[in-house]
Amino acid sequence: MPASRSADGSGRELLIREITFVEAVREAQADALSADDRVFIMGQELGEYGGVFRATEGLAERFGAHRVRDMPIAEQSMLGAGVGAAIMGMRPIVEVMFMDFIACGMDAIVNHAAKVGYMSGDQMRAPMVIRTQGGSGTHHGSQHSQTLESWFLHVPGLAVVVPFTPSDVKGLFKTSIRVDHPVLFVEHRALYRTRGAVSDPVEPIPLGKGVIRRRGDDVTVVGIGKSVGQAQIAARLLEEEGVSVEVIDLRTLVPLDVDLVLESLAHTHHLVVAHEAVERGGWAGELVSRVVAEGFDELDAPPLRAGSRPVPVPFAKELEAEMIADERLIAQRVRQALGMVEYAR
């Protein structure tokens, strides 16, 4: 799509361009580096190489190696250094190349970044963005394909962001780099080559505000990241069966926009929550619990989850496809929620 110009509600002229998801990540970081001298990036193979997914390509040449720092493969040390820099007044962006290896740095995230404000009586804070990517569908095997954002909902003090569109990447990142607490920014690897329109300048998107991606009347399907696209595909499939699906993109898991889900439920009265993470112990359970507690009277049937099977992600693409929750499972959960077929795991 060629660039075009438009005007926002105040009459301000906006430049509208179409870019890929990973280009949005790169631009969002460049904007942050330009806007604030306290911002710097560190991670593995970011500088001369430009990042394994090209998310930092050209940034070292533009901003210098002291602001786009290559680090050894030592996630615990890297994240610990990020926490220390944040406490000392910097605004680090720490990239964990594969989300699977964020486990190596959990102590820095969970016991230090998330708690330092509380434990110091707010005398110290750790404003930092931890960027990482995860997800399956690219046949990278069990240790490079996990979807682990649900781990972090359980930790007070962390915000968790999972964007779906290039525009949301830029808007949510703009907010994430400005807030005074740590933010986990999770990108699904399969979205990196997807394209979407972005405006220049982009407005920051507040954390905790979901958006309705598709209007519908019969059932509400809630997702994040790649699952939002799969829910939209499922909605088109179900439309041929006479089912009208409303699709909600939460955009952030902490804060969690329960109010938007309840508003949707007030006219659909049926709920399916979809995520690629393993269904057992996933964030869908938290959302369903909140909806049952606060919106039970609106439910005409039990809310259902569409998550992946509780096994390690297989390397073989045929097995991976059978294990991962996709649009076929989402559509089937919708049919089950509406009583069109019996529920079965």
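This is a predicted model: local features need pLDDT of at least 70, side-chain atom pairs count only at pLDDT 80 or more; totals for chains, interfaces and linings use all residues.

Visitor: Which residues lie nearest the centre of the largest cavity?

Guide: Look for Thr 147, Glu 149, Val 162, His 188 and Ile 224. They belong to a lining of 17 residues. Strand 8 has the largest share, three residues.

Visitor: How does that lining divide by class?

Guide: The largest cavity has five nonpolar, eight polar and four charged residues in its lining.

Visitor: And what lines the second largest cavity?

Guide: Its lining consists of Phe 53, Ala 55, Glu 95, Val 96, Met 97, Arg 131, Thr 132, Gln 133, Glu 187 and Tyr 192. Five are nonpolar, two polar and three charged. Strand 5 (91-96) and strand 6 (129-134) each supply at least two of the lining residues. Strand 6 gives the largest share, three residues.

Visitor: Now the open kind of space. What is the volume of the largest pocket?

Guide: About 650 Å³. The pocket is lined by 24 residues. Glu 279, Gly 307, Leu 329, Arg 333 and Arg 345 lie nearest its centre. Strand 15 (304-308), helix 11 (317-323) and helix 12 (327-337) are the elements that give two or more residues. Helix 12 gives the most, with five. By class, the pocket lining has 11 nonpolar, four polar and nine charged residues.

Visitor: Back to strand 5. How do I read its side chains, and are they buried or exposed?

Guide: In a regular strand the side chains alternate between the two faces of the sheet. In strand 5, Arg 91, Ile 93 and Glu 95 point one way. Pro 92, Val 94 and Val 96 point the other way. All of these are buried. Strand 5 is thus mostly covered, with six of its six residues buried.

Visitor: Which strands does strand 5 pair with, and in what sense?

Guide: Strand 3 (residues 39-43) pairs with strand 5 in the parallel sense, over four bridges. There, Val 39 stands opposite Arg 91. Strand 6 also runs parallel to strand 5, joined by four bridges. In that pair, Ile 93 stands opposite Val 129.

Visitor: What is the strand order in the open sheet of five strands?

Guide: The order is 10-12-11-14-15, with mixed pairing. Strand 10 (211-214) and strand 15 are the edge strands, and each pairs on one side only. The twist averages 25 degrees from one strand to the next.

Visitor: Which helix packs on this sheet?

Guide: Helix 8 does, and touches strand 10, strand 11, strand 12 and strand 14. The direction of helix 8 makes about 175 degrees with that of strand 12.

Visitor: How do strand 11 and strand 12 pair?

Guide: Strand 11 (residues 219-223) and strand 12 (residues 245-249) are parallel, over five bridges. As a landmark, find Val 222 opposite Ile 248.

Note on methods. Residues are numbered from 1 along each chain as its sequence is written. Side-chain values use heavy atoms; hydrogens and water are left out. On a 1 Å grid over the protein atoms alone, a cavity is a set of points where a 1.4 Å probe fits but cannot get out, and a pocket is an open set with protein on both sides within 12 Å along at least five of seven lines; lining residues have an atom within 4 Å of a point. Ala, Val, Leu, Ile, Met, Phe, Trp, Tyr, Cys and Pro count as nonpolar, Asp, Glu, Lys and Arg as charged, and the others, Gly among them, as polar. Grid points are joined across faces, edges and corners, and a volume is the space filled by probe spheres set on the points. Buried means under 20% relative accessible area, exposed over 50%, partly exposed in between (1.4 Å probe, protein chains only). Two strands pair if DSSP finds at least two bridges between them. Axes are lines fitted to C-alpha atoms, for helices over the stretch in contact, and angles run from 0 to 180 degrees between N-to-C directions. Contact means heavy atoms within 4.5 Å.
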